[in-house]
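Work through the exercises below with the sequence and coordinates open. Each task is followed by a solution in steps.

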Amino acid sequence: MSADRRDPREEQVRRMLDGPHPALPPDLAAQAVRRGGRRLRLRRAAQRTAGWLLALVLVAFLVWVGVEQPWATEPAQVTPPLEGW
């Protein structure tokens with residue numbers, strides 16, 4: 001595009017960026033720090049809880065495997081016929 005034929009949207013954005021900027025609250029940084037800290041604590045608590053739940057599931061699975069021994073074959077319910085006696 002040539003310099004004299006700019007996109008109208010680009011011109012609108014340029015006017016918005018060159019214009020007066022809105023005033024920010026004076027405690028904006030403090031609010032951001034508080035919210036970030038709260039989010040970080042919640043995320044850590046959620047990760048800790050998920051870790052404990054995963055550990056409990058693993059322990060329950062290991063206990064079940066130890067008791068049931070699913071890899072062992074079940075004993076036959078019917079005895080084979082006696083032949084050749």
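**Exercise 1. A leucine and its surroundings**

Is Leu62 buried or exposed?

Solution. The model is predicted, so local features are read only where pLDDT is at least 70.

Step 1. Take the relative accessible area of Leu62: 52%. The cut-off for exposed is over 50%. Leu62 is therefore exposed, at 52% against a cut-off of over 50%.

Step 2. Locate the residue. Leu62 sits in helix α2, which covers residues 28–68.

**Exercise 2. Overall form**

Describe the chain as a whole: secondary structure, extent, burial and surface.

Solution. 

Step 1. Count the elements. There are two helices and zero strands.

Step 2. Compare with a globule. For 85 residues, a compact globule would have a radius of gyration near 12 Å. This chain has 35 Å.

Step 3. Check the box. Along the principal axes, the C-alpha atoms fill roughly 110 × 40 × 15 Å.

Step 4. Check burial. Buried residues account for 1% of the 85 residues. The cut-off for buried is under 20% relative accessible area.

Step 5. The accessible surface is about 8800 Å², and carbon and sulfur atoms hold 63% of that.

**Exercise 3. Salt bridges**

How many salt bridges does the chain have? Identify the partners and state how accessible each one is.

Solution. Side chains of opposite charge can pair when their charged atoms come close.

Step 1. Apply the cut-off: a side-chain nitrogen of Lys or Arg within 4 Å of a carboxyl oxygen of Asp or Glu. The count is two salt bridges.

Step 2. Take the pair Asp7 and Arg9. Their closest N and O atoms are 3.4 Å apart. Asp7 is partly exposed at 22% relative accessibility. Arg9 is exposed at 61%.

Step 3. Take the pair Arg14 and Glu10. Here the closest N and O atoms are 2.8 Å apart. Both residues belong to helix α1, residues 8–18. They are four residues apart, about one turn of the helix.

Step 4. Read the accessibilities of this pair. Arg14 is partly exposed at 39%. Glu10 is partly exposed too, with a relative accessible area of 32%.

**Exercise 4. Charge on the surface**

Tally the charged side chains, then find which arginines gather in a patch of positive charge.

Solution. 

Step 1. Tally. The chain has 13 positive and 9 negative side chains.

Step 2. Separate the sets. Their centres lie 15 Å apart.

Step 3. Name the patch. Arg34, Arg35, Arg38, Arg39, Arg41 and Arg43 gather there.

Step 4. Patch residues need over 30% relative accessible area. Arg34 has 48% and counts as partly exposed. Arg34 lies in helix α2.

**Exercise 5. Sequence distance against spatial distance**

Solution. 

**Exercise 6. A backbone angle**

What is the phi of Gln69, and where does the residue lie?

Solution. 

Step 1. Read the angle. Gln69 has a positive phi of about 45 degrees, although the residue is not a glycine.

Step 2. Gln69 is in the segment after α2.

Step 3. Read the accessibility. Gln69 is partly exposed, with a relative accessible area of 39%.

Conventions:
Residues numbered from 1 in each chain as written. Predicted model: local features only at pLDDT ≥ 70, side-chain atom pairs only at ≥ 80, totals over all residues. Heavy atoms only, no water. Buried < 20%, exposed > 50% of the residue type's maximum accessible area, 1.4 Å probe, protein only. Rg over C-alpha atoms; globule rule 2.2 N^0.38 Å. Areas by Shrake-Rupley, 256 points an atom, 1.4 Å probe, with all protein chains shown as cover. Lys, Arg positive; Asp, Glu negative; His and termini not counted. Charge placed at Lys NZ, Arg CZ, Asp CG, Glu CD. Patch = residues over 30% accessible without salt bridge, like charges linked within 9 Å, V, L, I, M, F, W, Y side chains within 5 Å.
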